[in-house]
Amino acid sequence: MSRILVAYATKKGSTAEIAQAIAKELQAAGHSADAVEIAQGASPKGYDAVVIGGPMYLGKIEGMGKFVQRHIPELEKVPVAGFVVCLAAVTKDPEGMAWAEKALHAALNPLRPVAETIFAGRLDPEKLSWFQRFAVKKAKSPVGDFRDWAAIAAWARDLPGKMKV
Ligand SMILES: Cc1cc2nc3c(=O)[nH]c(=O)nc-3n(C[C@H](O)[C@H](O)[C@H](O)COP(=O)(O)O)c2cc1C
């Protein structure tokens, strides 16, 4: 049994629920897994492996890069996996997907993740500020909850093998 941290950033909660689903799947596989928000002080200290996730906002991944930079010495010693949550994954718009992939690489740099993926997220206009509603309307973003729980669970189930934990 290994200790696995799922460190995540979130603004509106959809990435938090994805992180929790990943931790649950890892627990079901017999590991000790904690989903901890980066803003709440998530730390890789004492963990055998770390999953890092964050949502995409206006072309940038929230929280992830700062977490990586702050904890490079510990993160370089353990297997790491990363995921980004966004709406480009809903429409599979090639430009948006390529951007998300590039942003994920940049946020995880200089780590060499054993797995990286892009998950579709959720957009609930009621939870947005006036400016955010304006920004997503302008971008013609799809509205709704597009999280694919089966795909999230399947990705999580493959992690221990890839992380060799
Ligand atoms: C103001 C705003 C900007 C966003 N910008 C992007 C973007 O640039 N690319 C993208 O694919 N999704 C974008 N999204 C969609 C979010 O990534 C998606 O809603 C995600 O699930 C939010 O995660 P959270 O609930 O954990 O904060 C944006 C959403 C909002 C509200």
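A residue is called exposed when its relative accessible area is over 50% and buried when that value is under 20%, with partly exposed lying in between. In this predicted model, Lys-140 is exposed, because its relative accessible area is 73%. Lys-140 sits in the loop between α6 and β8, and it has a positive phi of about 55° although it is not a glycine. Lys-92 likewise has a positive phi, of about 55°, without being a glycine; its place is in the loop between α4 (88-91) and α5, and with a relative accessible area of 56% Lys-92 is exposed. Most residues other than glycine have a negative phi, and most peptide bonds are trans.

An α-helix has 3.6 residues a turn, so residues three or four places apart point the same way. The buried residues of α1 are Ser-14, Thr-15, Ala-16, Ile-18, Ala-19, Ile-22, Ala-23 and Leu-26. After the helix comes Gly-30, whose phi is positive, near 95°.

Glu-17 forms one with Arg-147, the closest N and O atoms being 2.6 Å apart. Because Glu-17 lies in helix α1 (residues 14-28) and Arg-147 in the loop between β8 (144-145) and α7 (149-163), this pair ties together parts that are 130 residues apart in sequence. Glu-17 is partly exposed, at 34% relative accessibility, whereas Arg-147 is buried, with a relative accessible area of 8%. Both belong to a network of salt bridges that links Glu-17, Arg-122, Asp-145 and Arg-147.

The salt bridge between Arg-157 and Glu-25 has its closest N and O atoms 3.2 Å apart. Arg-157 lies in helix α7 and Glu-25 in helix α1, so the pair ties together parts that are 132 residues apart in sequence; Arg-157 itself counts as exposed, at 51% relative accessibility. Elsewhere, Lys-45 pairs with Glu-74, the closest N and O atoms being 3.5 Å apart. Here Lys-45 lies in the loop between β2 (32-37) and β3 (49-57) and Glu-74 in helix α3 (residues 72-75), so the bridge joins parts that are 29 residues apart in sequence.

The ligand is surrounded by 21 residues, of which the closest are Thr-10, Ser-14, Thr-15, Met-56 and Tyr-57. A polar side-chain atom of Thr-15 lies 2.7 Å from an oxygen atom of the ligand, while a backbone N or O atom of Gly-13 lies 3.3 Å from a ligand oxygen, and a backbone N or O atom of Gly-59 lies 2.9 Å from one. Taken alone the ligand exposes 640 Å², and the protein buries 91% of that.

On the surface, Leu-58, Trp-130, Phe-131 and Phe-134 form a nonpolar patch with about 540 Å² of accessible area together. Trp-130 has its place in helix α6 (residues 130-138) and is exposed, with a relative accessible area of 64%.

Key:
Residues numbered from 1 in each chain as written. Predicted model: local features only at pLDDT ≥ 70, side-chain atom pairs only at ≥ 80, totals over all residues. Heavy atoms only, no water. Patch = residues over 30% accessible without salt bridge, like charges linked within 9 Å, V, L, I, M, F, W, Y side chains within 5 Å. Areas by Shrake-Rupley, 256 points an atom, 1.4 Å probe, with all protein chains shown as cover. Salt bridge = Lys/Arg side-chain N within 4 Å of Asp/Glu carboxyl O. Helix = DSSP H or I, 4+ residues; strand = E, 2+ residues; numbered from the N terminus. Buried < 20%, exposed > 50% of the residue type's maximum accessible area, 1.4 Å probe, protein only. Near = heavy atom within 4 Å. Polar contact = N/O pair within 3.5 Å; in protein donor to acceptor, adjacent residues only side chain to side chain.
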